Amino acid sequence: MIASLLILGTLGLIFGALLTLAHQRLKIEINPLVEKVTNLLPGANCGTCGYGKCNLLAEAIVKGKVGLDLCPATEPEVIEKIAQLLGKEAKIKERKVARLLCAGGKKNAKESFHYFGIKDCQAAMLVAGGNLLCKYGCLGFGSCIDACPFEAIEINENFLPVIDSEKCKGCGKCVDACPKGLIKLFPASQKFFVACGSEDKGATTARNCSVGCIGCQKCIKVCEQDAITIENSLAKIDPEKCNNCGKCAEACPKGIIKSN
Amino acid sequence: MISNNLNIFLIFLSALLVNNILLIRFIGLCSFFGISQRIESSLGMGAAVTSVMVMSSSITWLIYNFLLIPFHLQYLRTVSFILVIATLVQLVERFTKKYNTNLYQALGIYLPLVTTNCAILAAAFLGIDYHLSFLQNLIYALGVSLGYLLAIVLFASIRERIIFSPIPKAFKGVPIAFLTASLMSLAFLGFKGLFRL
């Protein structure tokens with residue numbers, strides 16, 4: 001009885017002492033600034049900054065290794081707050097948003113065959129490059145939705161992902177997730193974009209999909225800023241020249257110059 | 001019972017495959033189902049279990065053989081072993097946090113979770129019940145923990161793949177995971193014929 005009490009007591013004491021010792025010896029000095037900056041960062045741990053986790057980026061920011069604007073998901077106001085905390089000048093980068101360069105979907109893009117496999121873009125891509133006649137078309141299985149750390153993407157009834165430009169932080173995860181390379185980052189100030197990625201000839205595009213850019217040049221004619229060019233039968237808007245007048249969107253016969 | 005002169009390699013293989021702690025002994029199943037949604041997190045849990053299990057079974061073996069047996073206090077083993085494991089997890093957490101932040105980040109939440117993992121306690125008990133020597137016990141713990149790692153990573157990779165499959169509505173989620181685990185267990189039962197212990 002006494003022996004058991006003694007042994008258990010001694011063991012407990014030894015372990016307690018060890019823990020106390022460890023607590024003192026292995027104390028970690030945490031810079032309180034790091035914690036404050038971590039709380040200000042988005043906390044999605046998306047890894048776009050290259051640090052893997054938000055608290056690691058906060059540490060780098062506090063140490064001055066990187067600029068304040070490395071994280072694309074941080075709002076300008078928040079960057080200013082961080083700058084105030086650290087007593088630094090805030091440099092604010094232009095916000096970017098992801099946009100889907102396809103308007104096809106179930107209704108408009110023609111299928112080349114019925115696909116019954118795994119409901120995943122990468123998997124569908126392996127079968128003859130997807131089940132659409134248009135090889136640039138969105139397959140609509142939503143790999144981008146799984147990749148988005150901010151829940152900014154939803155799939156609509158036409159099986160096309162819709163990116164909420166308010167929620168989108170421009171981290172670019174969906175850009176990497178799309179096997180067709182259909183999602184691109186645009187500066188948020190450029191309102192209008194061509195929702196088509198088809199570089200096929202106009203006639204081919206028209207055959208494959210009812211909402212593909214056929215390179216008809218109507219948008220070029222109405223643009224007063226000369227901001228639109230056509231490369232490989234696909235209209236492109238130059239964000240430097242575009243003044244967001246929206247005339248091209250009205251002129252487009254396919255209605256695929258969209259704004260959000 | 002395992003005899004003393006048994007090949008160390010056999011002990012390792014027996015702990016790893018033939019008597020796999022998760023799929024044959026059904027010990028530590030809570031974490032097996034809880035932390036097997038993604039391969040990454042299952043790897044983290046497996047690594048945490050491996051490191052803690054090897055250390056804790058060595059220390060508990062020393063305590064049992066040099067403290068409890070001489071005083072005929074074998075009935076105290078549960079209490080004292082839990083004491084050892086809880087302390088050890090705390091210590092390891094402190095150490096990694098101080099000296100290897102990356103490892104600490106990688107193990108993350110899984111390290112504290114190991115404290116309440118019954119597989120750790122079971123490995124300590126089994127090593128003693130088999131009357132293993134210190135070295136054999138070390139190898140045994142290594143085998144058990146790597147068996148845990150193997151089983152949970154295999155299970156997680158199957159679960160990652162299975163969510164893409166057309167599963168009947170009634171089986172979605174946990175039910176299909178149970179079925180998967182039972183089939184894996186049956187498959188591991190095949191190792192029983194390898195050799196007998």
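Author: Begin with how the chains meet. This is a predicted model. The area buried between chain A and chain B is about 2000 Å², and carbon and sulfur atoms give 77% of that area.

Reader: How many residues are in contact between the two chains?

Author: Contact is counted by residue on each side. Here 21 residues of chain A are in contact with 22 residues of chain B.

Reader: How many salt bridges and polar contacts are there between chain A and chain B?

Author: The two kinds are counted separately. The count of salt bridges between chain A and chain B is 0. For polar contact, the rule finds 1 residue pair across this interface, with both residues at pLDDT 80 or more.

Reader: Which elements give two or more residues to the side of chain A that touches chain B?

Author: Those elements are α1 (2–25) and α3 (54–63) of chain A. The most comes from α1(A), which gives 12 residues to that side. By type, the residues on the side of chain A that touches chain B divide into 12 nonpolar, 4 polar and 5 charged.

Reader: Next, the inside of one chain. What domains is chain A divided into?

Author: A domain is read from its bounds. In chain A, domain 1 covers 32–86 and domain 2 covers 96–259. The C-alpha centres of these two domains of chain A lie 32 Å apart. The contact between them takes 7 residues from domain 1 and 6 residues from domain 2.

Reader: How much area do the two domains of chain A bury between them?

Author: An interface inside a chain can be read like one between chains. Domain 1 and domain 2 of chain A bury about 550 Å² between them, with 59% of it on carbon and sulfur atoms. Across this interface the rule finds 0 salt bridges. The side of domain 1 of chain A that touches domain 2 has 5 nonpolar residues, 1 polar and 1 charged.

Reader: Now single residues. Is B:Asn117 buried or exposed?

Author: The test is relative accessible area, and buried means under 20%. B:Asn117 counts as buried because its relative accessibility is 5%. This residue lies in the loop between α6 (110–114) and α7 (118–129) of chain B.

Reader: What is B:Asn117 in contact with, leaving aside its neighbours within four places in sequence?

Author: With those neighbours left aside, B:Asn117 is in contact with B:Gly28, B:Ser31, B:Met45, B:Val49 and B:Tyr148. The side chains of B:Asn117 and B:Tyr148 are joined by a polar contact of 3.4 Å. A polar atom of the B:Asn117 side chain also lies 2.9 Å from the backbone nitrogen of B:Ala119. B:Ile27 is 90 residues apart from B:Asn117 along the chain, and their C-alpha atoms are separated by 9.0 Å.

Reader: And why does A:Thr74 count as buried?

Author: The same cut-off of under 20% applies. A:Thr74 is buried because its relative accessible area is 9%. A:Thr74 lies in the loop between α3 and α4 (76–86) of chain A. Not counting residues up to four places away in sequence, A:Thr74 touches A:Leu41, A:Pro42 and A:Ile79.

Methods:
Residues are numbered from 1 along each chain as its sequence is written. Chains are lettered from A and ligands numbered from 1 in the order in which they are written. This is a predicted model: local features need pLDDT of at least 70, side-chain atom pairs count only at pLDDT 80 or more; totals for chains, interfaces and linings use all residues. Side-chain values use heavy atoms; hydrogens and water are left out. Contact means heavy atoms within 4.5 Å. Buried area is the accessible area (1.4 Å probe) that two parts lose on being put together, summed over both. A salt bridge is a side-chain nitrogen of Lys or Arg within 4 Å of a carboxyl oxygen of Asp or Glu. A polar contact is a pair of N or O atoms within 3.5 Å; within protein, one must be able to donate a hydrogen and the other to accept it, and residues adjacent in sequence count only if both atoms are side-chain atoms. Helices (H or I, at least four residues) and strands (E, at least two) are DSSP runs, numbered from the N terminus. Ala, Val, Leu, Ile, Met, Phe, Trp, Tyr, Cys and Pro count as nonpolar, Asp, Glu, Lys and Arg as charged, and the others, Gly among them, as polar. Domain bounds come from an automatic or database domain assignment. Buried means under 20% relative accessible area, exposed over 50%, partly exposed in between (1.4 Å probe, protein chains only).
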